[in-house]
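Subject: Structure handover

Hello,

Please find the structure below, with the sequence alongside. My notes on what was found in it follow.

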Amino acid sequence: MPDPLFAHGVDLGAVIVVVVKVIVAFSVLLVSVMLAIWFERKVISDMQNRVGPNRAGPYGILQTLADGIKLFFKEDLLPDQADRFVFKLAPYLALLPALLIFTIVPVGGVVTIAHHVVELQVADPAMGILFLLALSSVSVYGTMLAGWSSGSKYPLLGSIRASAQMISYEAAMGLVVAMVIIVTHSLSTRTIVDSQAASFLHWNIFRLGILPFPLFLVAVTAELNRPPFDLAEGEQELVGGFHTEYSSVRFAMFYLAEFMNTITMSAVMVTLFFGGPDGPGFHFLRWLWPIVWFAGKTVVFLYVYVWIRAALPRLRYDQLMGVGWKVLIPFSLGWLLVVAAFRVSTIWGLAVFAGSAVAASGLWQAIRVGQARREALEEGSLGWRAQTAADAHLRAVPEPDGGG
Amino acid sequence: MAGKPPKKRSLGFFGGFAVTLQQVAEPRVTTPYPAEKVAKPPRLHGRHVLNRYEDGMEKCIGCELCAAVCPADCIYVRGLDNPPDAPVSPGERYGFVYEINYLRCIHCDLCVEACPTEAITESKMFEFSFTNRSDAIYTKQELVVDDDGLPRHLPWEDWRPGEDEHTSGWMRATSPSGAVEYEGTEQWSGELGYGVRASEGGQSGKRNDVATGNISIRAVEGDKISRRFGGKVRGT
């Protein structure tokens with residue numbers, strides 16, 4: 001369904017509406033990033049029995065502003081070994097996708113302003129949710145090029161990790177998005193939201209059978225490089241990760257992009273699984289309630305992200321890749337088949353579900369056997385029994401001469 | 001200490017989520033420092049004061065023992081014979097010049113232990129930040145207590161009401177030199193504005209916490225934490 005704003009062609013009013021939407025979305029997003037950083041710091045300090053920022057403004061709410069001003073006035077370093085153009089380009093590649101993904105998120109219902117039917121989202125392209133997948137791939141470039149162009153080892157290693165991680169988890173994320181597309185018959189985010197509107201039982205989280213949502217949550221957390229998947233910036237082994245060499249405004253842009261991505265992805269999750277702006281409304285201020293519902297749901301997910309960060313320890317790199325390839329991708333692939341089969345008929349659905357279960361248990365068994373064999377092999381080459389047996393001849397004391 | 005130690009919980013996969021959420025409701029033990037201060041231990045080593053007897057005479061006799069013992073070499077003293085018609089201190093001599101350089105002082109309190117007349121003691125005030133080197137050198141004008149026996153409040157020193165009391169806590173604590181028979185008895189002269197101060201009871205239990213300002217920081221702060229997390233130090 002095309003954007004109803006352009007149903008009667010592009011006139012001056014439509015252009016003004018679009019410009020206003022862009023400006024409002026941009027400024028609201030920037031302000032909400034500022035608040036989100038403060039929110040995260042406050043919530044995590046709550047969970048760690050601390051006070052958190054409380055000096056700048058009431059309850060420290062202006063702390064992010066103060067930090068931002070500080071960063072702007074710091075020296076902007078450009079390493080000698082850096083690839084100058086790419087080094088300067090990378091922060092924009094990180095920041096832009098974060099901004100652009102938000103454009104397709106429906107933040108409210110549909111209102112009519114001066115005979116123009118306006119959807120409360122910046123853009124409603126027909127390709128819709130594919131835009132999300134495309135742009136989250138672009139944000140990998142920001143990370144990768146930042147590390148590569150720094151001309152330094154830690155950022156390079158960090159960016160290799162980050163890009164491998166982001167690419168791996170994108171597969172699982174894309175499969176879950178495909179499930180949503182299958183049940184809603186549309187790529188357009190507005191149609192996805194509208195198809196969930198009847199009651200909260202129509203939300204995609206219930207229609208898809210709940211399991212895809214945790215898969216998506218984990219995949220997105222890894223995609224965002226957030227704890228417990230924040231291997232790209234492991235302080236112990238990689239210093240700051242891919243943005244080690246960045247300072248001043250350019251560092252601020254990475255930081256901004258990180259939190260803006262968190263907000264955007266929370267909003268995307270609300271859109272895909274929780275009905276977006278859907279919720280009970282009232283007769284007065286009819287346009288306001290969907291926005292309130294949308295914002296409320298998004299804040300809940302922001303809280304969940306912080307909660308995850310506070311509760312879970314970091315994964316090791318091989319565990320991270322293991323979760324991505326051995327758990328998330330097979331599970332989402334299997335579930336995708338089940339969802340698709342249920343669209344055909346219930347019998348097909350049950351049959352594919354049974355088949356997937358058998359395949360899953362087979363895969364599980366294969367992984368277990370493989371692990372056991374590898375451990376046995378390691379035991380054989382490095383275990384103390386084998387080692388002591390092999391070294392026996394070294395410890396053998398030569399017999400003293402008989403003196404005959 | 002009453003009560004069982006907190007039960008050890010095995011954390012399952014989702015245990016961390018429960019623990020972190022419980023923390024939200026727990027009280028905070030953080031003191032918002034510049035706005036509020038925790039109580040200072042009575043024997044804290046802060047900046048020095050030069051005490052006076054109850055009749056207003058200065059206790060310092062200019063013997064320079066403090067300057068001799070100072071490991072940081074931050075004290076400069078010059079004694080002078082007391083003018084016969086208007087003596088500054090009881091006895092022969094008095095401290096004519098007395099200077100302490102707080103850029104060098106390490107607050108070890110050896111000067112307090114060396115002083116034969118309990119003239120120099122340390123207060124609990126350590127929160128002072130001067131902005132030039134000459135302010136760092138405290139002379140007699142800054143060090144000698146005023147006519148009420150209170151330390152002089154300098155503009156760059158951060159005091160709260162009550163922090164200027166108990167200026168001789170460490171001296172009174174160490175005076176009995178560990179001899180049990182002197183425990184709890186006062187062996188020091190009176191101070192201007194305070195008279196003869198009470199002693200710490202030590203291990204005999206004859207202590208008067210209000211008079212000596214002897215409070216355990218650990219007890220006060222620990223009581224803010226619930227027992228489940230190992231708080232409540234005071235045996236309640």
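A residue is called buried here if 20 or more other C-beta atoms lie within 10 Å of its own, exposed if 12 or fewer, and partly exposed in between. By that rule, 25% of the 236 residues of chain B count as buried. For chain A, which has 404 residues, the figure is 38%. Please keep in mind that this is a predicted model.

The two chains

Chain A contains 15 helices and two strands. Along the principal axes, its C-alpha atoms fill a box of roughly 120 × 65 × 45 Å. Among the contacts in chain A with a separation of 6 or more, 76% join residues 24 or more positions apart.

Chain B has eight helices and five strands. Read from the N terminus, its elements follow the order α-β-α-β-β-α-β-α-β-α-α-α-α. Here residues 24 or more positions apart make up 65% of the contacts with a separation of 6 or more.

Where the chains touch

Ten residues of chain A and eight residues of chain B form the contact. On the chain A side, helix 1 (12-47) and helix 11 (288-311) each supply at least two residues. Helix 11 of chain A gives the most, with three residues. Sorted by class, the side of chain A that touches chain B has six nonpolar, two polar and two charged residues.

Helix packing in chain A

Two packed helices are described by the angle between their axes and the distance between the axes. Helix 5 (residues 153-184) and helix 12 (residues 317-344) of chain A cross at roughly 15 degrees, and their axes come within 9 Å. Angles under 35 degrees count as roughly parallel, and helix 5 and helix 12 of chain A are therefore roughly parallel to each other. The crossing of helix 5 past helix 12 in chain A is left-handed. By class, their contact has 20 nonpolar, four polar and two charged residues.

A second pair is helix 2 (residues 63-72) and helix 10 (residues 248-273) of chain A, which pack at an angle of about 145 degrees with their axes 7 Å apart. From helix 2 of chain A, the residues A:G68, A:L71 and A:F72 meet A:S248, A:V249, A:F251 and A:A252 of helix 10 of chain A. This contact has five nonpolar, two polar and no charged residues.

Helix 4 (residues 129-149) of chain A has 21 residues and reaches 31 Å from its first C-alpha to its last, close to the 30 Å expected. Just after helix 4 of chain A comes A:G151, with a positive phi of about 65 degrees.

Helix 8 (residues 212-223) of chain A has twelve residues, which should span 16 Å at 1.5 Å a residue; its end C-alpha atoms are 16 Å apart, so the two agree. Helix 8 of chain A is mostly covered, with nine of its twelve residues buried. Among them are A:L215, A:F216, A:T221 and A:E223. The cover over the buried residues of helix 8 of chain A includes helix 4, helix 5, helix 10, helix 11 and helix 12 of chain A. A:N225 follows helix 8 of chain A and has a positive phi, near 60 degrees.

Loops of chain A

- A:P228 lies in the loop between helix 8 and helix 9 (235-238) of chain A. The peptide bond from A:P227 to A:P228 is cis, with omega near 5 degrees.
- A:Q196 is in the loop between helix 6 (189-195) and helix 7 (204-207) of chain A. A:Q196 counts as buried because it has 26 C-beta neighbours inside 10 Å. Leaving aside neighbours within four places in sequence, A:Q196 is in contact with A:H202, A:W203, A:N204, A:G275 and A:D278.
- A:N49 sits in the loop between helix 1 and helix 2 of chain A. Its phi is near 60 degrees, a positive value in a residue other than glycine. With 17 C-beta neighbours inside 10 Å, A:N49 counts as partly exposed.
- A:L285 belongs to the loop between helix 10 and helix 11 of chain A. A:L285 is not a glycine, yet has a positive phi of about 50 degrees. Having 10 other C-beta atoms within 10 Å, A:L285 is exposed.

Regards

Technical notes:
Residues are numbered from 1 along each chain as its sequence is written. Chains are lettered from A and ligands numbered from 1 in the order in which they are written. This is a predicted model: local features need pLDDT of at least 70, side-chain atom pairs count only at pLDDT 80 or more; totals for chains, interfaces and linings use all residues. Axes are lines fitted to C-alpha atoms, for helices over the stretch in contact, and angles run from 0 to 180 degrees between N-to-C directions. Helices (H or I, at least four residues) and strands (E, at least two) are DSSP runs, numbered from the N terminus. Two residues are in contact if their C-beta atoms, placed from the backbone, lie within 7 Å. Ala, Val, Leu, Ile, Met, Phe, Trp, Tyr, Cys and Pro count as nonpolar, Asp, Glu, Lys and Arg as charged, and the others, Gly among them, as polar. The expected span of a helix is 1.5 Å times one less than its number of residues. Angles under 35 degrees count as roughly parallel, over 145 as roughly antiparallel, 65 to 115 as roughly perpendicular and the rest as oblique. A crossing is left-handed if the near helix is turned anticlockwise from the far one by less than a right angle, and right-handed if clockwise.
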